[in-house]
Amino acid sequence: MRRINHWIGGQTVEGTSGRTGPVWNPATGEQQAEVDFASVEEVDRAVATAKEALIGWRAVSLSRRSEVMFHLRELVDANRKEIASLLTSEHGKVLGDALGEVARGLENIEFACGIPNLMKGGYSEQASTGVDVYSIRQPLGVVAGITPFNFPAMVPMWMFANAIACGNTFILKPSEKDPSASLFIGELVKQAGLPDGVFNVVHGDKVAVDRILEHPDIAAVSFVGSTPIARYIYETGTRNGKRVQALGGAKNHMVVLPDADIDMAADAAVSAGYGSAGERCMAISVVVAVGDAADPLVDAIKARLPKLKVGPGNEPDSEMGPLITREHRDKVAGYLDTAAEQGATVVVDGRGQTVPGDGFFLGVSLIDDVGEAMDCYRDEIFGPVLSVMRVDTYEEALRLVNDNPYGNGTAIFTRDGGAAHQFQFDCNVGMVGINVPIPVPVSYYSFGGWKASLFGDLHMYGPDGIQFYTRTKVVTSRWPDPATSTVDLGFPQVR
Ligand code: NAD
């Protein structure tokens, strides 16, 4: 069985804990590798390596850090297909979607290429007579990222690109379900010229995570995953004196007003509901149909579903791949039973769509007449199940969005600019789409939900990311006239 090791100090390091976890090929249902689970001592070794590397890396010039990020950008770009095929093999998502994941991750490396500009401070000349005051941004030290299974390349890039560009050194604890992309990225980071020990990967489970949360030499933790674990990470990490941003789960509503273009709304609901088999934190899981929109919208969504091709992610015509594990597939399928028992109408039952073999496939499902008390509404299903709720007014739709404990993303479909503008003002959600079903911000804005979708003060990547991975220092200075100077007519060449 192929063994997936840690990446510490610029090389692969075999695990010694004696504990491993299985890595499946979700499209075939077969185990394809086993991944090392780090012990406390192995996490400590990675942290010690990162701490040692910090001394040199935090002193490297901004222009050199930018140059390394440009190299990394080229390498990730040149290896898009290789990374995407690793994602498809371990996560199951179709190749086109995996390529999209790499592209959205790459944006964050591109953003980090501008680090000299992003690290700028402020300057006040003559704050007092002969006294200048200025602020500088400095890295935090060794920082860690703990990431979920559903974006094994993009979410690590959300974190490490800015963290490293800011001068920190980084420990990544990727999902144990699809760990290979992070190792491949480790190789690229080395080729890009990043000094050994600046980027490290430790694989593992709660043992590794808990050591990260307790380790006195880790200054900050970024987390993306489910809400119960996000809450735990935030509470434990902050109790141990760390800066923490912990992004959690979601239940994203798409409100469709009666004046919306129904075909456009149906296309969007299908794409955003079933893309990546619904295993996206920004997936639409609930369509809230207002008034007359409901009947034509449900008909339009239903009409599109038989045409969707479910199959292995590496087959060119597949539009939706399998779920991540057998257990998760079975759990998602269970919501169809409870929905029917609790009074909803199962319009399309994905359990009827089978794919040959033993992969973790589940076809697409559509549930109508969903009510607030039903399990399929209360829980984050994280699978290819789209619920439809029918309401009479915009106000009822808004109440559903705002009463929901999650506040990651939401969308409104309408031709009425005033209604859309009002919704943008009214909704208690961190990311809003207007006729855009998955409003994932571009890398120069920041990503984050509200309520139970985010614990901490700062969102992920973009300007918030720079703020998260740095702290400011304010200097007050007074100088006598300079005593010495030299003449040099050339442009400076040294970085
Ligand atoms: P998860 O919470 O199970 O795991 C996330 C990470 O936490 C993994 O690295 C895992 O090893 C670790 N972990 C799991 N259980 C742990 C425990 N008991 N103690 C310590 N660490 C633990 O999430 P997942 O199933 O990998 O990912 C899916 C979830 O992530 C969904 O809820 C989804 O909405 C959420 N997600 C959120 C965002 C966002 O930006 N808000 C983005 C992607 C995914």
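Helix α9 gives the most to the lining of the largest pocket, with 5 residues. Helices here (H or I, at least four residues) and strands (E, at least two) are DSSP runs, numbered from the N terminus. The model is a predicted one, with local features needing pLDDT of at least 70 and side-chain atom pairs counted only at pLDDT 80 or more, while totals for chains, interfaces and linings use all residues. Residues are numbered from 1 along each chain as its sequence is written, and side-chain values use heavy atoms, with hydrogens and water left out.

Pockets and cavities were both found on a 1 Å grid over the protein atoms alone: a cavity is a set of points where a 1.4 Å probe fits but cannot get out, a pocket is an open set with protein on both sides within 12 Å along at least five of seven lines, and lining residues have an atom within 4 Å of a point. Grid points are joined across faces, edges and corners, and a volume is the space filled by probe spheres set on the points. On that basis, the largest pocket holds about 800 Å³ of space. Its lining runs to 36 residues, and P148, K177, G225, S226 and I229 lie nearest the centre. Besides α9 (227-239), at least two lining residues each come from α8, β11 and α12 (326-341). Sorted by class, the lining of this pocket has 17 nonpolar, 11 polar and 8 charged residues; Ala, Val, Leu, Ile, Met, Phe, Trp, Tyr, Cys and Pro count as nonpolar, Asp, Glu, Lys and Arg as charged, and the others, Gly among them, as polar.

The largest pocket is also where the ligand sits, meaning that more than half of its atoms lie within 2 Å of the pocket's grid points. Around the ligand are 26 residues, with K173, E176, S226, G248 and E380 coming nearest; to be counted, a residue needs a heavy atom within 4 Å. This shell splits into 14 nonpolar, 8 polar and 4 charged residues, and α8 (206-214) and β11 (218-224) each supply at least two of its members.

Ligand oxygen atoms come 2.8 Å from a polar backbone atom of T147 and 3.0 Å from one of F149. On the nitrogen side, a ligand atom lies 2.8 Å from a polar backbone atom of G248. The protein covers 88% of the 840 Å² of accessible area that the ligand has on its own.

The largest cavity takes up about 120 Å³ and has 15 lining residues, with G278, R280, A283, S285 and F382 nearest its centre. The second largest cavity has a volume of about 50 Å³; helix α7 (residues 180-191) makes the largest share of its lining, 3 residues.

Key
A polar contact is a pair of N or O atoms within 3.5 Å; within protein, one must be able to donate a hydrogen and the other to accept it, and residues adjacent in sequence count only if both atoms are side-chain atoms. Accessible areas come from the Shrake-Rupley method with a 1.4 Å probe; for residues, only the protein chains shown count as cover.
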